[in-house]
Amino acid sequence: MYFDPFVLPFTIAMALLLIYLLGKYGWWIWKLDTSDQRKIRKNFFTTKTLLAVREIFGEGLLHRKIFKVNPRLGYMHMSLAFGWFLLIVVGAIEAHTFVKGSAPIYFPIFFRFFVPEQHSFFFSDGFTQLMDLLLLFVFSGLFLAVLKRFNSKAVGMSRTSRKKPIDRVVLTSLWLIFPLRLLAESFTSGFYHSGGFLTGSLGAFLDAILPLEHLIYPAWWAYSLALAGFFLGLPFTRYMHIPTEMVLIFFRNWGIKLKTDNPVLLEVEINSCPKCGICIDTCQLNSMAGIHDTQAVYFIQKLRNHEQYQKVAESCLMCGRCENVCPVSIDLNSIRLMHRHDNTPKEQENFGFIPVQNQTTEVIYFAGCMTHLTPNIKNSMVKILEASGDKFWFMDEEKGACCGRPLKLAGQLQAANELEERNREMMMQSGAHTLVTSCPICYKTFANDYHMNMEVLHHSEYIERLMQQKRLPVEKLDVTAVFHDPCELGRGSDIYEQPRNVLKSVAHIVESPQNRQDGLCCGGSLAHLTLSLDKKKQIAKNTLSVLTVDNPQVIATGCPLCKKSLANESTTKVMDIAELVAKAMVAKPVKERVVRQKVPVYI
Amino acid sequence: MWGFSITKTNTIDYDKNDKTLMAEILRLEPSIRVCIACGACTATCTAGNLTPFNIRKLNVFLQRGEYNEMMQEMGKCMLCGKCTLVCPRGVNLRNLMLKTRETLMKLPDANGLGPKTGYQAAGSISQEIPRHRSGSVQLVNFVSQNKSLTDVL
């Protein structure tokens with residue numbers, strides 16, 4: 001029987017942790033509502049579970065996503081997570097090959113103590129060397145981790161998240177685990193003249209200068225205690241992300257979505273945040289506006305610690321840059337949005353003043369509030385729509401309301417719903433098959449929230465289609481243009497290529513160094529409720545300096561709000577792609593144009 | 001008594017009007033102090049285009065401490081943000097509307113159920129995430145003590 005009292009701290013801590021985790025996860029699954037539980041039952045024995053396992057392997061152990069953002073950080077975490085995982089797996093195989101059967105749970109962990117001499121069993125030498133190699137692999141990551149703690153720039157992070165005291169305690173015990181394991185194994189190997197290239201040679205060296213006989217036992221005790229400290233502290237610290245991320249990946253693959261009326265997935269996501277701080281460097285409020293306390297990692301932390309969060313919840317551009325790089329893919333924007341206060345006045349019709357318009361048409365053009373502030377865009381769109389030959393209705397030409405997304409972004413979900421209902425009714429009665437909008441904010445809500453039986457197109461998509469069908473003859477203008485990806489259009493709605501295709505046919509396109517998924521916010525975002533004007537300007541200026549690196553003649557964009565925010569600070573001309581297209585259009589003879597009639601409005 | 005009555009006075013009594021709420025709103029959105037009442041916000045307003053909704057007037061009511069009128073108007077704002085974009089003084093009017101709404105909703109007589117976070121409003125209330133109500137306690141106390149304010153509301 002392999003037993004020694006020093007295995008007790010590890011074994012007890014491990015058991016306690018397992019009981020805690022099983023209890024917690026069981027409670028979560030029990031608290032899911034019936035539709036989600038049905039989803040789990042339905043999807044459990046399908047390929048979705050296998051896909052989840054693959055994702056756990058790819059993201060939880062190999063960290064493909066961190067590698068994409070920051071290779072050094074990716075390597076650091078991969079060597080720790082994957083290295084430790086392999087140490088456990090290979091160690092278990094080695095131990096079970098040795099005993100040829102079952103062994104206590106702690107046996108593989110303390111294998112070298114119980115089996116100090118070199119035995120010859122199947123592949124025994126190979127196992128010894130392999131384990132040393134894996135330990136070295138973990139050490140390379142540990143070295144980077146320690147370096148990062150003292151100088152985060154060394155791993156390519158200009159800022160990392162602030163830690164609580166308990167985080168530091170558990171972090172220290174995590175750091176101690178591997179050096180203590182190395183020492184314990186080296187002492188044993190040195191004394192018994194066994195071990196691999198690392199533990200064996202270090203042991204032989206230490207044997208010459210230290211009385212190893214008396215050190216072996218304390219070293220194994222220390223190793224066991226370090227493991228116990230880490231396991232006991234895990235539920236109270238960020239290391240809870242290690243087991244919880246797996247639950248999150250399973251839940252997500254089984255199709256469970258974040259819900260406003262069921263907090264389970266929210267809890268899982270909050271506990272899955274590893275506080276890595278990748279979201280800090282990518283946040284423009286941090287890098288351009290000097291606001292350092294509102295980043296996603298701090299917001300999640302506030303929720304987890306039950307601290308007051310309203311101010312932080314409101315202070316976010318919701319540009320989605322953090323969501324884009326989050327290695328755990330937490331729904332950071334949605335979580336923030338559902339914690340904004342809903343102050344909709346109840347029991348009262350708030351938007352009864354919106355006139356009902358009746359009009360039958362094929363294509364609806366909805367300019368959006370912001371487009372009315374940039375009349376060039378809507379005039380250009382009217383010109384394009386007229387040239388297209390489609391029968392269209394300019395829905396908000398005179399008596400238009402808002403789409404409802406600004407209310408939603410401010411957390412006023414009830415009011416947004418009311419507005420949505422009113423707009424939807426008017427749109428549905430028209431019998432249109434297509435809805436074209438110039439504003440990505442409107443576009444996102446029309447496409448995602450309105451659930452209408454019609455195609456919703458951003459004007460860049462619509463123009464691209466017209467060009468493909470050769471219904472919009474254009475001549476290329478002799479200008480160079482850079483495309484600024486609006487947040488709601490790019491990361492928000494995944495439209496990157498359509499506006500570029502349009503731009504290619506009317507101008508010479510240049511790309512800015514930070515484009516597409518990595519595109520910057522103009523600073524004008526409606527999602528940030530409290531940002532002051534000078535900070536907005538500061539962000540716009542910084543974004544402009546990135547956009548104009550190659551000195552383009554025109555900054556093209558697809559969002560009236562971006563246009564307005566950038567144009568205020570820019571020396572380069574800022575134009576919407578619709579304006580460029582209208583400029584590049586080859587004029588048709590007047591008689592061919594469809595004459596548009598004024599729409600009577602009924603109040 | 002004689003078939004005559006005294007016309008309701010139009011006087012604005014600054015001493016009687018309660019300005020606590022104004023102070024709270026100013027604390028939440030201080031940029032309104034630089035407002036020059038030019039009316040650009042009102043001219044561009046999406047809601048103002050459809051109905052007599054007037055942000056400038058609301059500001060005046062706010063400064064005077066006349067909340068009754070504001071209560072009826074505040075639900076009309078669609079928070080589209082055009083007012084903030086056109087403001088020549090850089091006042092964050094959108095947040096002002098939002099914070100005014102929030103502050104007024106905290107009053108016991110408000111016709112809503114008080115502030116809630118989005119996900120609490122939508123369904124079953126979770127106990128795990130505490131509701132944040134900065135300042136609401138003091139405000140409610142004040143309202144119950146101060147007669148002039150309860151009269152107004």
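Biologist: In chain A, what share of the contacts with a separation of 6 or more comes from residues 24 or more positions apart?
Modeller: This is a predicted model. Take the contacts in chain A with a separation of 6 or more. Residues 24 or more positions apart account for a share of 75%.

Biologist: How many helices and strands does chain A have, and what percentage of its residues count as buried?
Modeller: Chain A has 28 helices and nine strands. Its C-alpha atoms fill a box of roughly 100 × 55 × 45 Å along the principal axes. Of its 603 residues, the part that counts as buried is 48%.

Biologist: How far apart in space are A:Gly23 and A:Thr548?
Modeller: In sequence, 525 residues separate the pair. In space, C-alpha to C-alpha, A:Gly23 and A:Thr548 are apart by 55 Å.

Biologist: Are helix 25 and helix 28 of chain A roughly parallel or roughly antiparallel?
Modeller: Two packed helices are described by the angle between their axes and the distance between the axes. Helix 25 covers residues 497–506 of chain A, and helix 28 covers residues 577–584 of chain A. Their axes come within 10 Å and cross at roughly 30°. Angles under 35 degrees count as roughly parallel, so helix 25 of chain A and helix 28 of chain A are roughly parallel.

Biologist: Which class do the residues in that contact belong to: nonpolar, polar or charged?
Modeller: From helix 25 of chain A come A:Pro499, A:Val502, A:Leu503 and A:Val506. They meet A:Ile577, A:Leu580, A:Val581 and A:Ala584 in helix 28 of chain A. The contact has no polar and no charged residues; its eight residues are nonpolar.

Biologist: What is the order of elements in chain B?
Modeller: Chain B has nine helices and one strand. Of its 153 residues, 41% count as buried. From the N terminus on, the order is α-α-α-α-α-α-β-α-α-α.

Biologist: Where in chain B does pLDDT stay under 50?
Modeller: The mean pLDDT of chain B is 71. Of its residues, 69% reach 70 or more. One stretch stays under 50, though the model has 77 contacts beyond four places in sequence for it. That stretch is residues 111–153 of chain B.

Biologist: What ipTM does the model score?
Modeller: Two scores are given for the model. Its pTM is 0.85. Its ipTM is 0.84.

Methods:
Residues are numbered from 1 along each chain as its sequence is written. Chains are lettered from A and ligands numbered from 1 in the order in which they are written. This is a predicted model: local features need pLDDT of at least 70, side-chain atom pairs count only at pLDDT 80 or more; totals for chains, interfaces and linings use all residues. Helices (H or I, at least four residues) and strands (E, at least two) are DSSP runs, numbered from the N terminus. A residue is buried if 20 or more other C-beta atoms lie within 10 Å of its own, exposed if 12 or fewer, and partly exposed in between; C-beta atoms are placed from the backbone. Axes are lines fitted to C-alpha atoms, for helices over the stretch in contact, and angles run from 0 to 180 degrees between N-to-C directions. Angles under 35 degrees count as roughly parallel, over 145 as roughly antiparallel, 65 to 115 as roughly perpendicular and the rest as oblique. Two residues are in contact if their C-beta atoms, placed from the backbone, lie within 7 Å. Ala, Val, Leu, Ile, Met, Phe, Trp, Tyr, Cys and Pro count as nonpolar, Asp, Glu, Lys and Arg as charged, and the others, Gly among them, as polar. pLDDT is the predictor's confidence in each residue, from 0 to 100.
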